[in-house]
Amino acid sequence: MSMPNQLIRDGFQVVAKDFALPDDSRFLESGKKRTLTICNLFFNHHLPIEEVARVLDEKHGTVIGTLIQHQLIKD
């Protein structure tokens, strides 16, 4: 059985093929680290959007906006 071309998670189409953290992420400012953490938890650790928001104590809309901004999901 073949895999579907479009992956849907939490009602959003996942458009990225991969997400890699930069090697020097420990030197980034805290806001950028948080953004990368949101993307990493969703994409690489396969946490649902709701769980990412809960773990990071972040608003649901902020998590979605971050994922859209980094072109991991499609609006």
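V52 touches I38, L41, F42, L47 and V63, leaving out residues up to four places away in sequence; contact means heavy atoms within 4.5 Å. This is a predicted model, in which local features need pLDDT of at least 70 and side-chain atom pairs count only at pLDDT 80 or more, while totals for chains, interfaces and linings use all residues. Residues are numbered from 1 along each chain as its sequence is written, and side-chain values use heavy atoms, with hydrogens and water left out.

**Nonpolar core**
- The largest nonpolar core has 20 residues; such a core is a set of buried Ala, Val, Leu, Ile, Met, Phe, Trp, Tyr and Cys residues joined through side-chain atoms within 4.5 Å.
- F42, I49, V52, L67 and I73 have the most contacts inside this core.
- At least two residues of this core come from each of β2, α1 (30-43), α2 (49-56) and α3 (60-69); helices (H or I, at least four residues) and strands (E, at least two) are DSSP runs, numbered from the N terminus.
- The most is given by α1, with 6 residues.

**Helix α2**
- I49, V52, A53 and L56 are buried in α2, where buried means under 20% relative accessible area, exposed over 50% and partly exposed in between (1.4 Å probe, protein chains only).
- These residues lie on the same side of α2 because they cover an arc of only 100° around the axis; the arc is that of the directions from the helix axis to the C-beta atoms.
- An α-helix has 3.6 residues a turn, so residues three or four places apart point the same way.
- E50 and R54 are exposed on the other side of α2.
- The cover over the buried residues of α2 includes β2, α1, α3 and β3.

**Sheet and R9**
- An open sheet is formed by 3 strands in the order β1-β2-β3, with antiparallel pairing; two strands pair if DSSP finds at least two bridges between them.
- β1 (7-9) and β3 (73-74) are the edge strands, each pairing on one side only.
- β1 and β2 (residues 12-14) run antiparallel and are joined by 3 bridges.
- R9 stands opposite F12 in β2.
- The charged end of R9 sits over the ring of F42, 3.9 Å from its centre; the criterion is NZ of Lys or CZ of Arg within 6 Å of the ring centre and within 35 degrees of the ring normal.

**P22**
- P22 is in the loop between β2 and α1.
- P22 is partly exposed, with a relative accessible area of 31%.
- Neighbours within four places in sequence aside, P22 is in contact with L28 and L36.
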